[in-house]
Amino acid sequence: MSPDLLSVEGLRVGFRSADGGIVEAVRGVDFSVAPGEAVGIVGESGSGKSLSMLAVMRLLVAPARVTGGRVLFDGEDLLAADERRMRALRGRDIAMVFQDPQSSLNPALTIGRQITDVVRAHRGVSSAEARRIAAEALERVGIRDAGRRLASYPHEFSGGMRQRALIAMAIACRPRLLIADEPTTALDVTVQAQIVDLIAELRRELGLAVVFISHNLQLVAEIVDRVVVMYGGKVVEDGPVEAIELAPRHPYTSLLKACVPSLSGPVGPLTAIEGAPPRLGRLPIGCPFSPRCPDAIEPCLSEMPPLVTEAGHRSACWRPR
Amino acid sequence: MTGPILSLRGVSKSFPQGGMLDRLLGRDGRLVALDAVSLDVMRGDVVGIVGESGSGKSTLAGLAVGLVRPTTGDVLLDGQPMAELMRDHAGPWRRRVQMVFQDSSSALNPRKSVARCLGETLALRGVPKAQCESEIAELLTLVGLGPEIGPRLPHELSGGQRQRIGLARALAMKPEVLIADEPVSALDVSLQAQVINLLSRLTRELGLTLLFISHDLALVRTLCSRIVVMRKGLIVEQGPCLDVLDRPQHPYTQALIAAVPKGLAGRRTPLPVRAADAAAIPETREDIHGAA
């Protein structure tokens, strides 16, 4: 078996609260990504999915900080790396695409300048060569007339084109890992489908490993090999996409699937998950989902179930389905 | 036979485009958000209005609730033109058509408690002060909240609770028509179903007419009896919800349906064969039948 490209072990992220204590938002998260593998991280707001990946990129902003764990990229502990080393890795070996393409681009610089800046920072090439690489990357993400489009400003692009430009920037240096944090949430559905297809295609052709963060399980299931489900700062389930889709073990995963309606089948009241997602700082001692879980029994509320692995499928539940 | 409760007759809405300099130089254009749209909504209908950004669906919502005035054309409530009902003030229209907004945190005044917010709405309807308290409790029960929510401020509520308050405030006017503009798109997935089920139940129990503006076709399918598909300011297709979604006629409707994420069923690329599985899959005919 090939060694993991990214391995996150016992990662914890906390915020310093007003009273001097630490409020933990990511509470011991483990998962790994093999070279070329596509992994979806699914969770609702506050589940810790974005914070975990920002921690991996070392992009957390105070008062958030890593309070424990290790992040190994190709065997190197990123949490121990200095800022210079991180700057060399970011954009070259690990690239990230964010939710809002508008705010990820500098409105005062042309698209071409913003891509060539990244290329020149990481590859010692001439500016002419950098422009060629940038044009190639833009073309690669499906922007027509790429050479001329380098001179465009972000406001001249539509939302979908801006996200394509950001993906072009991300792949221009041929990274081994692409982290996409809700890359389609701000886009229309038809554009969303195109961007998701593009990421799947790039991954196949460039051999990229992909971490796709989303609140939409149905969306990630279309393109990933494995799904990690997070709730209340913990991984509650992690398994092959078929297993998560067809035979989820954690009640949260199966309810999450049930509460999203589909375009086929009978029409009726939706399955609702009662209650609301837990608030940070008021997380239950036991399973974070226990207050809302219809299957909860005594140990669920008082003791956190361990992540149990069975046939490559992990779940943390006292009463798995 | 009664006529439609709400109708749009050849309604267009355009907005000026460009800055002051453009206007001075005569270069200004107009952005046409809605282009001669006609639509009849019957009493008790639950109509889903779908389309992408720029389709004009939110402009249509604004017109229906009277926040946006048409550039040309008429909006009618129970046969009475908007201009007539709003001649002196917007009150008579607003009392009968209410709206629930997308972003519940900006739709509520952050400095007013839930009880005060609902109390002010009740006062507008002319409910005497003495009755307010019991009506507030009733409204809260109606949207599935307890009386303990009354003294709280919006920031002390969860997103789902805030959206229920937005709904309670709209219902406080005892409207005939309710317009909900993307009411659950800012909510977490696990909360959406709660609010949709609530909307569905209240629409039925109170005999409301509902215009549900959304980009989520599957939610519209769950909630609505009719669907209106919009694109670039035009209605491209409309009809009974299940008919349109099962047999879409317009290419744009077909494209919208095709773009809905469908999980495993929607995979356009085959599942990768993992190393472990690959070992178990026979490679050639010889592997299966043994070397001949």
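Let's start with chain A, whose secondary structure comes to 12 helices and 12 strands. Keep in mind as you look around that this is a predicted model. The model as a whole scores ipTM 0.85 and pTM 0.88.

How is chain A built overall? Its C-alpha trace spans about 65 × 50 × 45 Å along the principal axes. A compact globule of 321 residues would have a radius of gyration near 20 Å, and chain A has 20 Å, so the two agree. Of the 321 residues in chain A, 46% are buried. Now consider the contacts in chain A between residues with a separation of 6 or more: 63% of them join residues 24 or more positions apart.

Next, find the open sheet of four strands in chain A, which has the order β2-β1-β4-β5 and antiparallel pairing. Which strands stand at its edges? They are β2 (22-33) and β5 (76-77) of chain A; each has a single partner strand, so one side of each is left without a neighbour in the sheet. In general, strands of a sheet pair through backbone hydrogen bonds, either parallel or antiparallel. Strand β1 (residues 6-16) of chain A pairs with β2(A) in the antiparallel sense, over nine bridges. To see this pairing for yourself, look for Leu6(A), which stands opposite Val33(A) in β2(A).

Helix α5 of chain A covers residues 127-140, which makes 14 residues. From its first C-alpha to its last, α5(A) reaches 20 Å, close to the 20 Å expected at 1.5 Å a residue. Which residues of α5(A) are buried? They are Ala130(A), Ile133(A), Ala134(A), Ala135(A), Ala137(A) and Leu138(A). What do the buried residues of this helix pack against? Their partners are α4 (111-122), α6 (146-149) and α7 (159-171) of chain A. After α5(A) comes Gly142(A), with a positive phi near 90 degrees.

Now turn to the place where the two chains meet. The contact takes 36 residues from chain A and 36 residues from chain B. On the side of chain A that touches chain B, α8 (189-206), α9 (217-220) and α10 (241-246) of chain A each supply at least two residues. Which of the elements gives the most to this side? That is α8(A), with seven residues.

Let's cross over to chain B. The secondary structure of chain B comes to 14 helices and 10 strands, and its C-alpha trace spans about 95 × 55 × 50 Å along the principal axes. A compact globule of 292 residues would have a radius of gyration near 19 Å, but chain B has 24 Å. Buried residues make up 40% of the 292 residues in chain B. Among contacts in chain B with a separation of 6 or more, 65% are between residues 24 or more positions apart.

One facing pair to look for is Val100(B) and Ala180(B), the latter in β7(B).

A single residue can also show how a chain folds. Leu85(B) is found in helix α3 (residues 82-85) of chain B. Is Leu85(B) buried or exposed? It is buried, because 22 other C-beta atoms lie within 10 Å, and 20 or more count as buried. Leaving aside neighbours within four places in sequence, Leu85(B) is in contact with Leu77(B), Gln80(B), Pro92(B) and Trp93(B). Leu85(B) and Lys129(B), by contrast, are 44 residues apart in sequence and 27 Å apart in space, C-alpha to C-alpha.

Finally, a word on confidence. The mean pLDDT of chain B is 87, and 90% of its residues reach 70 or more. Over residues 273-292 of chain B, however, pLDDT stays under 50, and the model has six contacts beyond four places in sequence for this stretch. Where pLDDT is low, the predicted coordinates should not be read in detail.

Technical notes:
Residues numbered from 1 in each chain as written. Chains lettered and ligands numbered in written order. Predicted model: local features only at pLDDT ≥ 70, side-chain atom pairs only at ≥ 80, totals over all residues. Pairing = 2+ DSSP bridges. Rg over C-alpha atoms; globule rule 2.2 N^0.38 Å. Buried ≥ 20, exposed ≤ 12 C-beta atoms within 10 Å, placed from the backbone. Contact = placed C-beta atoms within 7 Å. pLDDT = per-residue confidence, 0-100. Expected span 1.5 Å × (residues − 1).
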